Amino acid sequence: MLTPEENDLLCRVEGDAPMGRLMRRHWLPVCLSEEVSEPDGDPVKAQVLGEDLVVFRDTEGRVGVMDEYCPHRRVSLVYGRNEECGLRCLYHGWKMDVQGNVVEMVSEPAASVMAQKVRHKAYAVREWGGMVWAYMGAQDEIPEFVPPSWAPSVDTKVSIAKVLVPCNWAQILEGAIDSAHSSSLHSSDFVPARVGGAQATEKNWLRPSTDKAPRMQVHRTDYGFRYAAIRRPITNAAQTDYVRSTVFVAPATVLIPPNNLYNVANVNVPMTDTSTAFYFIAWGEKAGTPDTETWRKFLGTSIGRDLDERYRPLRNHENRFWQDRQAMKAGNFTGIKGFPNQDIAMWVTMGPIANRSDDRLGASDLAIVEFRKQMLQAVLGFRDGETAIGTGDKRIPDDVCAFQAIVPKDIDWRDFRAEPVGRPGQQAPELDTNYQTTA
């Protein structure tokens, strides 16, 4: 349990909130590159840490991330004209380039030097792994951009599903590091089978265990923590354990145990105190990793079918997340199609910010307890002048990854040698995109 004061310290990110200030010391995803794919295309609205932003790609292909509101009279630049290497406000024609320079003030006299005295708020930008990233801390102290663990090289294939979820970032992240829930909530999609490890089929992810009460162990690090959910395997339970090891990368990334073909990750970007951009990522070798459209259809996160054009889910609390009670009677556990949608239903029904004072946590919640403890310590330390968790020398090493494996009992999972999955030329099955689930 947390006190209301601790809960606010963990969850709130807007304005001068300490957690928001800590997150500003990290490069953060602002939107997908596909949202601003065209030079001189439509500007896009984004929100990060309570700030309203406008994102656009200029004539020469450069991406800008700026304060949404024009420095002149504070009208929205999302409606502006993206033309000739700048974004022009419709109200009086002021024009800003991707660096926030005011390059034209057509409403001012030709002899005016006012444009030289005004600079619009703009952030340093990088594109990598299919995302537009911004550094929203002090612009005179910009750290090096380091590729995330889920896109280690420019050749890595990355497919991303994006959903804007109307609840706080921390309850989404707690769901991503909660290995125990997958044996219940996702039991119709993550199916026990006599296999040598997690395997991806066209319809399901198979796993070699029926154990719904894993033993949890945590190993804290400078960048977050690793933890293991240890289950009894279906075969050879006397000599081996089935281990699923998840990695929490502070402040808001989770490396999820992979299947046999591709790796999985989750990034949760706080838009406001009560809304989050949730990114669910498949990554790895080109042949084994599904393409973006197929990945989204498989997950039930396609634009036009599951989401509106702004990535907002059509399933919601009011329409019961399209839950099918007849499917439940026929054997499907949740009646909700697409396992991210099952998660979203849980997160949203906790409320905009979960009340952690009423939690009753058990042995299966060890990772949740560690997340709360570590991030509260990190934000208090940062407030007192310590380096932000996961930055500089504290960032995650290149050789750390999530894994799942059947491990001999005499081997400590912390010492288990793991690498991201995927072999060149290994072909993924053709995923079923019609939401066919196995009970």
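How much area do domain 1 and domain 2 bury between them, and what share of it is on carbon and sulfur atoms? The legends below start with that interface in this predicted model.

**Figure 1. The interface of domain 1 and domain 2.** Domain 1 and domain 2 bury about 1,200 Å² between them, with 63% of this area on carbon and sulfur atoms. In domain 1, the residues that lose the most area to domain 2 are His26, Leu32 and Gln47, which together make up 40% of what that side buries. The size of an interface is often expressed as the accessible area lost when the parts come together.

Figure 2. In the contact, 15 residues come from domain 1 and 18 residues from domain 2.

Figure 3. An unreviewed UniProt entry places the feature "domain: Rieske" at residues 27-134. Over residues 27-134, the chain is 40% strand and 0% helix.

**Figure 4. Polar and charged pairs across the interface.** Two salt bridges are found across the interface of domain 1 and domain 2. In a salt bridge between Arg296 and Glu34, the side chains meet at 3.0 Å, N to O. Seven residue pairs are in polar contact across the interface of domain 1 and domain 2.

On the side of domain 1 that touches domain 2, the elements giving two or more residues are β1 (27-32) and β2 (44-48). Strand β1 gives the most to this side, with four residues. By type, the residues of this side of domain 1 are seven nonpolar, five polar and three charged.

Figure 5. The whole structure holds 28 salt bridges. In one of them, Arg88 pairs with Glu104, and the closest N and O atoms are 3.0 Å apart. Arg88 belongs to strand β6 (residues 87-88) and Glu104 to strand β8 (residues 102-104), so this pair ties together parts that are 16 residues apart in sequence.

Figure 6. Ala250 and Pro251 are joined by a cis peptide bond, with omega about 5°. Pro251 sits in the loop between β17 (240-249) and β18 (253-256). Most peptide bonds are trans.

**Figure 7. Arg320 and its positive phi.** Arg320 has a phi near 60°, a positive value in a residue other than glycine. Most residues other than glycine have a negative phi. Arg320 is placed in the loop between α4 (292-299) and α5 (325-329).

Note on methods: Residues numbered from 1 in each chain as written. Predicted model: local features only at pLDDT ≥ 70, side-chain atom pairs only at ≥ 80, totals over all residues. Heavy atoms only, no water. UniProt positions renumbered as here; feature names shortened; annotations may be inferred. Contact = heavy atoms within 4.5 Å. Buried area = accessible area lost by both parts, 1.4 Å probe. Salt bridge = Lys/Arg side-chain N within 4 Å of Asp/Glu carboxyl O. Polar contact = N/O pair within 3.5 Å; in protein donor to acceptor, adjacent residues only side chain to side chain. Nonpolar A, V, L, I, M, F, W, Y, C, P; charged D, E, K, R; others polar.
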